[in-house]
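Please read them alongside the structure.

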Amino acid sequence: MIPRVHKTGSRTIGLIRYLYGPGTHEEHTDPHLVAAWDGLVPDPGRDPAATYEDLQRLLDQPVEALPTSRRPTEHVWHLSVRAAPEDPILSDEQWGDIARRMVAGTGIAPEGDTAACRWAAVRHADDHIHIIATTVREDGRRPRRHNEAKRSQAEARLIEADYGLRRLSTGDGTAAQRPTSAERHKADRNQRERTPREELRETVRRAVAGAQGEEEFFDRLASAGLLVRQRKAPSGDVLGYTVALSDDRNKNGEPVYFSGSKLAPDLSLPRMRERWTTPAETAGGSSDQDRPTLPPVTGPAFARRRATAAAWQALLVIDNGDDDGLIAGQIAAMGEVLDALAKSSAAHTRKELRDAASSFERATRSHVRAARGHDRALRQAARDLVHSGPGLGRGEDGATTAMLIDMAFFLAIAAANWHAKKHHAQQAEAARQAAEHLRDAYQAAAAQPIAVLRQRGRLLPQPLQHRQAAVLRQVVPDLAEQVLAEPGWPALAATLADTHAAGHDPATLLTEATRHRELDSATSVSDVLTWRLRRLAHLPADPGNVHATPARGKHRTPPSAPAQPANRAANEATRRR
């Protein structure tokens with residue numbers, strides 16, 4: 001059940017004519033009353049003798065009874081209530097009961113109040129009603145409408161429970177503005193899959209992903225083909241911006257512009273500047289001069305490895321941290337990584353990654369203000385993904401994509417759990433939806449490299465397979481039998497052998513890979529551990545690419561087993577065999 005409080009109007013007759021009329025696109029069918037403040041109210045839809053003006057005069061009587069100086073200019077209240085697509089078609093009696101509960105819940109006509117506002121509920125479609133009311137009570141006072149939008153949502157949740165309808169999540173005011181019905185109809189008329197507002201939101205989010213400042217951001221918007229206007233102060237400082245699609249025009253042939261804040265709350269220029277501004281040094285922090293210089297990105301595979309490492313660190317912060325602002329900042333920055341990954345993905349994973357980024361967008365905003373500055377690693381990862389170009393979808397590029405998607409899946413699950421603890425219902429649901437899309441994207445990205453690793457594992461000598469199984473039972477006795485029964489166990493066995501050949505202690509790395517608690521939601525625990533081990537040991541993600549350049553960084557090896565470059569170790573292992 002989706003209630004929506006519309007902007008208060010001044011012409012009662014105008015809204016009545018719209019509700020009883022054919023609609024902008026002839027979509028209204030059989031308009032009629034289902035309930036009103038008085039059971040004897042004339043219904044212009046069913047009573048041939050009743051007119052729109054009759055209903056208008058009755059609704060406006062309390063307003064007209066006031067002295068002219070006391071009459072409110074905007075006195076026409078409008079609430080629409082729509083059922084979810086999965087809900088059954090409700091009867092007129094049921095919609096009438098819902099209308100009475102809504103006007104009571106919002107303060108327009110509290111139950112038992114004989115001096116309440118006058119109202120009427122009109123149904124002109126199977127799935128929704130409109131309630132019109134005038135905001136002057138019978139006793140001349142104004143109704144108490146404080147927080148009417150939240151109150152309508154609260155009443156909708158009760159109605160859903162009472163009628164067995166789909167249970168929706170109550171919003172918290174941080175969601176992006178939905179397209180209006182006029183925008184949706186215009187998109188249908190122009191044969192667009194999405195409204196211009198939705199297209200612009202996605203394009204602007206991709207433009208800001210990993211951008212380092214305003215100049216780069218506006219250059220990206222222009223490169224994406226958007227029309228951009230900047231709002232400037234007399235001093236020349238940029239105060240804001242608006243964007244439009246070149247082929248989206250109004251009736252006068254002019255482009256239809258949207259400001260950033262109308263696309264999403266965090267896409268306004270002041271909010272985006274928070275991402276680009278380096279915060280003042282805090283206790284325990286480090287300056288930019290103290291930060292190690294990262295090696296340059298040499299291609300899509302390297303960018304995906306670095307993004308995977310950044311996502312792993314963010315995952316640990318979300319799971320183990322107690323600073324809500326810091327956690328919110330990591331979740332918001334991960335949204336940029338998903339936007340950048342969707343933009344640079346191969347064709348066979350692009351749709352699911354776009355859907356994942358679109359769903360996760362809702363999880364990046366809540367009433368917990370994101371603390372910026374500690375999200376540099378993820379924002380740099382997003383930048384690397386954009387500038388490294390699109391991946392090929394095969395070889396090392398495809399395998400590292402699967403590695404990153406696997407990590408992003410667990411981060412989405414962690415974000416959903418954190419939001420659920422904070423009672424952010426919509427954000428938690430959005431993160432869970434993103435995780436499902438990421439799961440599907442992973443299946444497409446990982447199919448080839450995992451199949452090769454499984455084949456390699458099956459060809460290992462039996463004594464070596466038994467040795468890897470013993471390591472597994474030693475490190476994770478609770479999960480060992482489950483993993484050994486999975487189809488992915490041969491791939492994990494091959495990876496354990498690769499880590500040993502690279503000069504690492506398999507047990508030490510496996511302990512590191514399993515110390516994170518989130519494994520229960522994995523479809524294949526063996527796949528998860530395979531990717532974590534290959535990342536920690538700096539092994540090529542593509543098992544067939546022995547010449548792949550491993551990611552630079554510290555090797556996690558015990559003192560007794562000094563690390564060697566992966567390709568050199570592989571050659572040494574081949575010589576020994």
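1. Helices (H or I, at least four residues) and strands (E, at least two) are taken as DSSP runs and numbered from the N terminus. On that basis the protein has 21 helices and eight strands. This is a predicted model, in which local features need pLDDT of at least 70 and side-chain atom pairs count only at pLDDT 80 or more, while totals for chains, interfaces and linings use all residues. Residues are numbered from 1 along each chain as its sequence is written, and side-chain values use heavy atoms, with hydrogens and water left out.

2. Of the 577 residues in the protein, 53% are buried (buried means under 20% relative accessible area, exposed over 50%, partly exposed in between, with a 1.4 Å probe and protein chains only). Taking contact as heavy atoms within 4.5 Å, 71% of the contacts between residues at least 6 apart in sequence join residues at least 24 apart.

3. Nonpolar cores. A nonpolar core is here a set of buried Ala, Val, Leu, Ile, Met, Phe, Trp, Tyr and Cys residues joined through side-chain atoms within 4.5 Å. The largest such core has 84 residues, and M334, F360, L438 and W531 touch the most other members. Helix α14 (residues 395-421) gives the largest share of this core, 16 residues. A second, separate core has 25 residues, among them V81, L90, A99 and M102. Leaving aside residues up to four places away in sequence, M334 touches A311, F360, L378, A408 and L411.

4. Salt bridges. The structure contains 45 salt bridges, each defined as a side-chain nitrogen of Lys or Arg within 4 Å of a carboxyl oxygen of Asp or Glu. One of them joins the side chains of R101 and D162 at 2.9 Å, N to O. R101 belongs to helix α3 (residues 92-105) and D162 to helix α4 (residues 148-163), so this pair ties together parts that are 61 residues apart in sequence. D162 is exposed, at a relative accessible area of 55%.

5. A buried charged group. Which residue forms a salt bridge with E361 at 2.6 Å between the closest N and O atoms? That residue is R365, and both R365 and E361 are buried. E361 also meets R205 in a salt bridge of 3.8 Å, N to O. E361 lies in the loop between α12 (347-360) and α13 (376-387), and R205 in helix α6 (residues 196-208), so the pair ties together parts that are 156 residues apart in sequence. Both E361 and R205 are buried. Through shared partners, salt bridges join R205, D266, R275, E336, D339, E361, R365 and R379 into one network.

6. Helix α4. With 16 residues, α4 reaches 22 Å from its first C-alpha to its last, close to the 22 Å expected at 1.5 Å a residue (the expected span is 1.5 Å times one less than the number of residues). The buried residues of α4 are E148, S152, Q153, E155, A156, R157, I159 and E160. These buried residues pack against β1 (2-5), β3 (76-82) and α3. G164 follows α4 and has a positive phi, near 70°.

7. The sheet of β6, β7 and β8. Two strands count as paired if DSSP finds at least two bridges between them. The three strands form an open sheet in the order β6-β7-β8, with antiparallel pairing. β6 and β8 (258-259) stand at the edges, each with a single partner strand, so one side of each is left without a neighbour in the sheet. β6 (residues 227-232) and β7 (residues 238-244) pair over six bridges, and β7 and β8 over two. V243 in β7 is the bridge partner of V228, and F258 in β8 is the bridge partner of V243. The hairpin of β6 and β7 has five residues between the strands, and G236 there takes a positive phi near 100°.

8. Residue A116. A116 sits in the loop between α3 and β4 (119-123). Is A116 buried or exposed? A116 counts as buried, at 8% relative accessibility. Apart from residues up to four places away in sequence, A116 touches I108, A109, P110, R137 and E138. A116 and V103 are 13 residues apart in sequence, and their C-alpha atoms are 9.8 Å apart.
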